[in-house]
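Biologist: I am new to this structure. Please walk me through how to read it.
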Amino acid sequence: MAIKINNIHKVYNNGFKALTNLSLEIERGKFTAILGSSGAGKSTLLRAINGLETITSGSITVSGVTVCKKNLRTVRSDAAMVFQNYNLVNRLSVMANVLTGRLSKRNPLLSLLHLFPKEDYAIADDALSCVGMETSPWSRADKLSGGQQQRVGIARALAQNPSIILADEPVASLDPVSSTEVLTLLKNIARDRNITVVTSLHQVDFAKEYADRIIGMNAGQIVFDGAPTELTENVLERIYQKSPVKEIPDVQMEVSYA
Amino acid sequence: MFKWKCPTPNGLPSLPLLALVASSLILLFASAPIVEISLDRIFNSWGPLLDFLGYLLVSPDWPYLQQLGAKLLETVEMTLLATAIATVISLPVGVLAAKNASPHPMVYHFTREALSFMRALPELVWALVFVSAVGLGPLPGVMALAFVTVGFMAKFIAESIEVVGEQAIEGIQSTGSNRIQTIMFAIMPQALPDFAGTLFYILDHNLRAATILGLVGAGGIGYDMVMSMRLFNYNRIIMIAIAIYLLVTLIDRLSDILRHRIIEGSKHARTR
């Protein structure tokens with residue numbers, strides 16, 4: 001079992017209950033999409049798996065390792081993250097950003113001088129060609145378009161040689177064309193490299209198209225867990241509290257062309 | 001009717017702001033006598049000033065030129081060395097003094113207090129302290145300069161670190177990097193370019209500070225400068241004054257060029 005989430009709760013300091021009584025198991029190599037409206041807890045869940053958020057109670061295991069302060073380096077090394085805002089280091093080059101994916105495997109003192117062994121450069125090159133960014137490894141990260149930056153973010157995740165990739169709304173800041181590119185990329189990575197991909201998405205259509213399994217969240221709890229084909233109107237209503245389709249007003253409007 | 005541009009609900013100028021500015025000005029003028037501001041004295045100062053300038057227009061003491069050069073070199077060397085040493089020390093200390101990078105809140109507060117203390121007294125006062133400790137010469141001068149510079153530089157570095165974007169930090173942390181790696185890869189690349197400009201400003205300031213440290217025997221041109229003034233040795237005063245001006249201007253221009261190079265450089269894509 002790649003990811004095992006056992007009855008977790010996450011309550012913030014101000015009392016807000018982000019995750020309540022959540023249990024989940026995800027198999028290796030599958031592409032799972034998490035749907036839910038803003039505030040449903042999708043980000044919190046993904047970040048908790050990587051250890052960026054600490055859960056209030058319960059346990060999470062990643063490839064058999066419990067997520068706790070002691071194991072953060074191991075867990076994070078194995079479960080790479082891709083972020084909505086790419087979270088690259090803007091002033092560094094594309095290559096430098098991808099190389100940071102190797103930090104968890106490297107001696108901290110050597111990396112003090114930004115030194116990486118040759119194999120790391122080879123791994124970075126491989127990651128960059130996988131995402132199609134091998135032609136401009138020395139450009140500054142912030143000079144790229146959104147879609148390109150996200151691909152660099154994915155390359156960084158790949159460089160970690162992870163067994164899991166957690167993508168927190170990876171296409172929320174991208175246009176439709178770049179979004180399809182990025183999601184196809186993630187899907188291919190999942191299939192070709194047997195990496196478990198868990199991604200949160202806003203767009204229901206994308207989820208239906210790319211995911212093997214869809215998990216719907218609402219107010220910190222899982223309200224749906226099944227195949228894309230099982231995603232009916234009722235289910236969507238449960239997830240979003242209002243069905244997205246019904247949001248389009250079905251009203252006869254009086255329009256006057258004055 | 002003249003309308004202010006700041007948007008207030010009724011279109012009239014912001015009364016609290018006006019009141020604040022007015023009362024500040026009144027307070028300033030009322031307290032002027034404390035520093036004995038007297039327009040009278042200022043207006044009548046032309047005479048003595050022109051007299052003094054007249055005394056300066058004497059032929060320079062040319063034989064003194066060699067010693068002048070040596071002392072100036074010593075001053076520049078003190079500045080560069082002190083600033084370099086201070087930079088090396090300030091980088092890790094700045095990390096400790098940055099709220100988002102410090103290992104523990106107690107370390108953060110202690111470091112901030114220590115830096116504040118180091119900045120509290122001018123270089124000249126610290127130079128006096130170090131002269132008592134290690135004796136006369138440029139060494140206490142370098143120590144004093146470095147000491148105070150760390151106080152300022154570490155603070156500036158810490159402030160640059162504190163405004164670094166959270167997102168890049170999280171991005172690096174999510175790969176499993178440890179504290180040092182996060183600092184080197186997420187924090188420093190963002191903080192250092194901001195800091196480069198401050199470095200030159202500090203270098204500039206330190207040169208001026210170094211020129212007077214000789215007052216307490218801590219090396220540099222300061223001793224000669226003060227002695228010539230006390231002995232009314234105008235032949236030397238004029239040389240020293242012009243030399244210092246030229247030196248400071250030169251370093252100023254060089255710093256400007258270097259700083260612009262760095263800013264331009266960091267804007268372009270790096271080519272391998």
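Biologist: How much space lies in the largest cavity?

Modeller: About 40 Å³. On a 1 Å grid over the protein atoms alone, a cavity is a set of points where a 1.4 Å probe fits but cannot get out; lining residues have an atom within 4 Å of a point. Points are joined across faces, edges and corners, and the volume is the space filled by probe spheres set on them. This is a predicted model: local features need pLDDT of at least 70, side-chain atom pairs count only at pLDDT 80 or more, and totals for chains, interfaces and linings use all residues. Residues are numbered from 1 along each chain as its sequence is written, chains are lettered from A and ligands numbered from 1 in the order written, and side-chain values use heavy atoms, without hydrogens and water.

Biologist: Which residues line the largest cavity?

Modeller: V76(B), T79(B), L80(B), L203(B), L207(B) and I251(B). Helix α4 (65-96) of chain B gives the largest share, 3 residues. By class, the lining has 5 nonpolar, 1 polar and no charged residues. Ala, Val, Leu, Ile, Met, Phe, Trp, Tyr, Cys and Pro count as nonpolar, Asp, Glu, Lys and Arg as charged, and the others, Gly among them, as polar.

Biologist: What is the volume of the largest pocket?

Modeller: About 750 Å³. A pocket is an open set of points with protein on both sides within 12 Å along at least five of seven lines. Its lining has 26 residues; among the closest to its centre are R76(A) and Q173(B). The lining divides into 11 nonpolar, 8 polar and 7 charged residues.

Biologist: How many residues are in the largest nonpolar core?

Modeller: Nonpolar side chains tend to be buried together in soluble globular proteins. A core is a set of buried Ala, Val, Leu, Ile, Met, Phe, Trp, Tyr and Cys residues joined through side-chain atoms within 4.5 Å. Buried means under 20% relative accessible area, with a 1.4 Å probe and protein chains only. Here the largest core has 82 residues, and V98(A) and I161(B) are among those with the most contacts inside it. Helix α9 (residues 179-212) of chain B gives the largest share, 9 residues. Apart from this core lies another, of 27 residues, including L22(A) and I215(A).

Biologist: In what order do the strands of the open sheet in chain A run?

Modeller: β2-β1-β4-β5, with antiparallel pairing. Strands are DSSP runs of E, at least two residues; helices are runs of H or I, at least four; both are numbered from the N terminus. Two strands pair if DSSP finds at least two bridges. β1 and β4 of chain A have 5 bridges. I5(A) stands opposite I60(A) in β4(A). β2 (17-26) and β5 (65-66) of chain A each have a single partner, so one side of each has no neighbour in the sheet.

Key: Buried means under 20% relative accessible area, exposed over 50%, partly exposed in between (1.4 Å probe, protein chains only).
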